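Good morning, everyone. Please look at the chain on the screen and keep it open while I talk.

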Amino acid sequence: MIDAGNSRVPPPPQESWLETLLALGDNRRLLGDLVRQVQSASGVVPFVGAGLSAAYHLPQWGPLLRSLAPDEATVKELDRLLAANDFESAAEHVFDARGAEQFNELLARAPTLDVDVEKDTAITKLGLLPAGPLITTNFDRIIETVLIAGGVSLAVVVGDDRDRIVEAIQYQSNTLLKLHGDAQDPASRVLTKREYDEHYTRWLRRLLRNMATRPMLFLGCSLQSDRPVQVLQEVVKEGQVLVHHFAVLALPPESELAARTHQLVDELRINPIWFPAGHYEFIDKLLDYLAERVPDDRRRNYIAAARPSWRDIPVAPAQLFGRDVAELVPLIDSSAIVVVHGNRGVGKTAFALQALRHFMDRPTFDALAWITASARKEELRLSHILDAVSLAIDYPFDVQVRDEDKEDILVKQMAERNLTCLLLLDNYETVTDTNVDAFLFERLPPQLHVLVTSTRVIDKPGAASFPLGELGHEDAALMFRERLIRDGLAHESEQAVGAVYRALGGNPLATEWFVGQMKGGRTLQSIVEGLSGNRASALRELLEGAWRELDDSARAVLDSIVVFVRPALREGLVATSGLEADDFDSALDRLIRRYLVKPLRMHDDAGLGAGRRYFVHPFLRDFLEK
């Protein structure tokens, strides 16, 4: 529902809308904060309510429910419930009066209007904001219809599909999350009080936990007394929201402004950006203002004129605490070889993969390739690297080609076709083939650029160095708290979080393994007391502690993973582990929950084939092999 408020302002002159907006409340400061957040790597996640559909003349909730009421007595009780803002009970009252079958049929028919996709509205402007998920409580199909028509490649997730919801948030994909389901699909819908009580609140809490560090931008929402607001208020009270969200709202009367601001900021952690009540055109203008400050290649509807080809490249999480890929990208642009180096567990691979993701939407390179030495180690040969590049440029070697001929063939092909390629060579410290070293630093072809990750500095001519250190205290604490919230663990005090940092430092992998042990049932204090206090040995000590607590099934799953030199499919792992399928799945789930095993999500499954694959960190692989 739209809350127009009672305070009305005469329409401002066209040229002064921004000055009018900035004069309201704390807008001058908050608008600057919102612009900076929109421009940041994590951006904002729009949370879209029914108000943004008003331009398409769909009935709002009150009129819609009245149109479904069968008689005057139902309308009378409905009006009483609507006046009390009890929309859940109002919907349930009409549902009971109509009966399930008739209610569902009428509701499915009600919002099916032809959508004018050429119309310039606030929804069309969502396609101009940075790519990533959108959340809506709307039942209709206006958002997906308008955005897809505007060139947005958009996936739609209806209801409680937890795996796809987590993936959309973690990997910042263009996905519309329809919290209340779809009007034409009663099984997915959440509308009546019974439907809210049965399951909605529980999984909405899970969603909001995953949004603990991702700011939302509420648009077309009243933020009064609906269920999402109630649940958000509860999770804020429990300390499970670590950022402030934003909302674009109609300015309330002066007498209510202070109390309303207090409720939003303190109880919901929402910073309100006010617009003059009744002037909803300000929402469109504000979204235009934000879109103008977003580079074209970051917009949700961006389609590159020329995009590189790639195969077998994993996806990195969209949010990396304390890391900004914008610092790495210029070095890759200007250098033939860039070495990202740092201690084990600081996140070199995820950071480098984020850089590859940056170049996927840009014509800087014609092809992108990735290969890791973490499993092959001393068995990784130059021919393997050349194979990866050949697949990326769509020139796979014939099986009869000798390894010693591959380099000449590849260099010739790239030169003749004028192709450039960026290769990510991961875990370089384990490579022992001297031909790899000579290829990179003595005869690297000009068409090939290489991004290397390594635990050691590589002091070679032409190699630009990018040191990646551990997280600072603030970022490490934020990551630790985010993992606690996401995993449903209890809030910890500042003193306890400080003790974790003193024991681990800012090593992201150690932080995850620490939280993994807490998910296994250990207390924060007992884990800290079990560590020596030497940060350099914290990873090993955490892993040894985790191993002692694993049962035989979990150990068998880990042992099966290290048999494979590449991330392995579930079917192969089940066969190798010797476990029954149900026992394997149960053990695998426990290992994933403890961050010891991670699912591998690929940008493109063309090379590895369909199916979920699993891998372990090189440090854990070394531990298991020894």
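Let's start with K519. Is K519 buried or exposed? Its relative accessible area is 17%. The cut-off for buried is under 20%, so K519 counts as buried. One caution before I go on: this is a predicted model.

Where is K519? It sits in helix α21, which covers residues 508-519. What does K519 touch, beyond its neighbours within four places in sequence? The contacts are D487, L489, R593 and Y595.

Stay with α21. E512 is in that helix too, and R483 is in helix α19, residues 473-486. R483 and E512 form a salt bridge, and their closest N and O atoms are 2.9 Å apart. The two residues are 29 apart in sequence, so this pair ties together separate parts of the chain.

First, the overall count: the whole structure has nine aromatic pairs. F480 and F514 make an edge-to-face pair, with 5.9 Å between centres and 70 degrees between planes. F480 belongs to α19 and F514 to α21, 34 residues apart. Both F480 and F514 are buried.

Now another aromatic pair, F275 with Y280. This one is edge-to-face, at 5.7 Å centre to centre and 65 degrees between the planes. Here the partners need separate labels. F275 has a relative accessible area of 3%, so F275 is buried. Y280 is at 29%, so Y280 counts as partly exposed. There is also an aromatic cluster, made of W17, F282 and Y289.

The charged end of K119 sits over the ring of Y56, 5.9 Å from the ring centre. The charged end of R535 sits over the ring of Y501, at 5.0 Å from the centre.

Back to salt bridges. Side chains of opposite charge can pair when their charged atoms come close. How many salt bridges does the structure hold? The total is 41. One of them joins R206 to D160, with the closest N and O atoms 3.1 Å apart. That pair links distant parts of the chain, 46 residues apart. R206 is in helix α10, residues 193-210, while D160 is in the loop between β3 and α9. D160 has 32% relative accessibility, so D160 counts as partly exposed.

Next, E404 and R402. Their side chains meet in a salt bridge at 3.3 Å, N to O. R402 is at 48%, so R402 counts as partly exposed.

Last stop: helix α8, residues 142-149. Which of its residues are buried? They are I142, I143, E144, V146 and L147. What covers them? The cover includes strands β1 (45-48), β2 (134-136), β3 (155-158) and β4 (175-178), along with helix α7 (122-126). After α8 comes G151, with a positive phi near 95 degrees.

Please find K519 once more on your screen. It is the buried residue we began with, in helix α21. Thank you.

Conventions. Residues numbered from 1 in each chain as written. Predicted model: local features only at pLDDT ≥ 70, side-chain atom pairs only at ≥ 80, totals over all residues. Heavy atoms only, no water. Helix = DSSP H or I, 4+ residues; strand = E, 2+ residues; numbered from the N terminus. Buried < 20%, exposed > 50% of the residue type's maximum accessible area, 1.4 Å probe, protein only. Contact = heavy atoms within 4.5 Å. Salt bridge = Lys/Arg side-chain N within 4 Å of Asp/Glu carboxyl O. Phe/Tyr/Trp six-rings, centres within 6.5 Å; stacked < 30°, edge-to-face > 60°. Lys NZ or Arg CZ within 6 Å of the ring centre and 35° of its normal.
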